[in-house]
Amino acid sequence: CAPLWELLGSTLTDDQKREFARNVEQNFWAWASSHEPDAAGSRNLAELQNFIFQNELRDGESVCILRYAGSLDRVSPVSIQVLDPEQIDTSVTTYGTLDRAGLSVAAANRGNTLKDGLELTASGEPVAIYLIDTDDKGHKTTTRVPFTGPSGRRFVILPRILDLPGQIHGVGPLATVIHELQKITDYRLFELESALVNAIIAAFIQPSAENDTRSNVAAAVGGGVSTRGQSIGSSPAGSTEEVRIRKAGLFIQNLKKGETIQSFDTKRPNINCEAFVSGVMKSIAASVGIPIEVFEQKFSSNCSASRAALIQFWDTIELCR
């Protein structure tokens, strides 16, 4: 804790300054290391900061409400409630529907305008946010929460990732590549499903040129078929007894003349799958400013190249910080 004593015009002695700093540090540590900072009571301050930052990266913004409790059991009265940005009533706007006219008039009387759920001053500074509350019966109401109270106490913190002048709500860095991420995820999932389906097929009967094709493997073995995994048993021709599987493998007898058993040559997973996914990942990583080594958490190059990738990525981290 290092207050700017000269700007404060402090008359404290050096010992008093050190005692003040030590007292503040200990109280802050006791508060930050407990679960008091989280209004839900499940995270300490470091965990809560990480949680808020992850939400900001995903949604482009994070809504934090500062709450003040009067309990004497607490180290500090301050706690932070994190809300879903979906709770912002973006329908609240100066040029909204008739049921919003009252809110618009009230904001105009304060010299402000409404835009996408935020109340803005003439210079574009947000002074209030409109949040949707849902009761037990599912009824929704809109509540105006000021950023700062009359006493100067802060009530709302709204970290946003903004990249355009006049932008109201933040946009996450993954917004530009979300389509590619979704498609590449589907592609890898389908390849996996295809490999699984193909692995189930052990073999097939190649029909004879002289005879009709059999409708199923059961006809070839002369009875019902009971399978486990890739195993198919057999029973005497014409028998209706259920085939029992006693050992893994493929046993088919009583084939028609000219029929042969062919192994199923699977084409899944595609041998080009990894190279294709890696190519798409490289473009995605470059678009969000992350070296591919860091993106994949795979450092297969030499030490100098890996270190250069980490140093380059640190520039992006510094901008985020």
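Visitor: At what distance does the side chain of Asp 38 reach the backbone nitrogen of Arg 43?
Guide: This is a predicted model, in which local features need pLDDT of at least 70 and side-chain atom pairs count only at pLDDT 80 or more, whereas totals for chains, interfaces and linings use all residues. Residues are numbered from 1 along each chain as its sequence is written, and side-chain values use heavy atoms, with hydrogens and water left out. From the side chain of Asp 38 to that backbone nitrogen of Arg 43, the distance is 3.2 Å.

Visitor: Is Asp 38 buried or exposed?
Guide: Asp 38 sits in the loop that runs between α2 (14-32) and α3 (45-59), where helices are DSSP runs of H or I of at least four residues and strands are runs of E of at least two, numbered from the N terminus. Its relative accessibility is 7%, and the classes are buried under 20%, exposed over 50% and partly exposed in between, for a 1.4 Å probe and protein chains only. Because of that 7%, Asp 38 counts as buried.

Visitor: Which residues does Asp 38 touch, not counting residues up to four places away in sequence?
Guide: Touching here means contact, that is, heavy atoms within 4.5 Å. With residues up to four places away in sequence set aside, the partners of Asp 38 are Arg 43, Leu 48, Ser 79 and Ile 80.

Visitor: Which element gives the largest share of the lining of the largest pocket?
Guide: A pocket is an open set of points on a 1 Å grid over the protein atoms alone, where a 1.4 Å probe fits, with protein on both sides within 12 Å along at least five of seven lines, and lining residues have an atom within 4 Å of a point. The largest pocket has 24 lining residues, with Leu 57, Pro 173, Val 288, Ile 290 and Cys 320 lying nearest its centre. Two or more residues of that lining come from each of α3, α8 (292-296) and α9 (303-320). The largest share, five residues, is given by α9.

Visitor: Which element gives the largest share of the lining of the second largest pocket?
Guide: Among the residues that line the second largest pocket are Arg 188, Glu 191, Cys 273, Glu 274 and Lys 298. At least two lining residues are supplied by each of α5 (178-200) and α7 (273-287). The largest share, five residues, comes from α7.

Visitor: How exposed is Gln 297, a residue with a positive phi that is not a glycine?
Guide: Most residues other than glycine have a negative phi. Gln 297 counts as exposed because its relative accessibility is 69%.

Visitor: What is the bridge partner of Cys 64 in β7?
Guide: The open sheet holds three strands in the order β2-β1-β7 with antiparallel pairing, where two strands pair if DSSP finds at least two bridges between them. Its edge strands, β2 (78-83) and β7 (156-157), each pair on one side only. Strand β1 (residues 63-68) pairs with β7 in the antiparallel sense over two bridges. The β7 residue that is the bridge partner of Cys 64 is Ile 157.

Technical notes: Polar contact = N/O pair within 3.5 Å; in protein donor to acceptor, adjacent residues only side chain to side chain.
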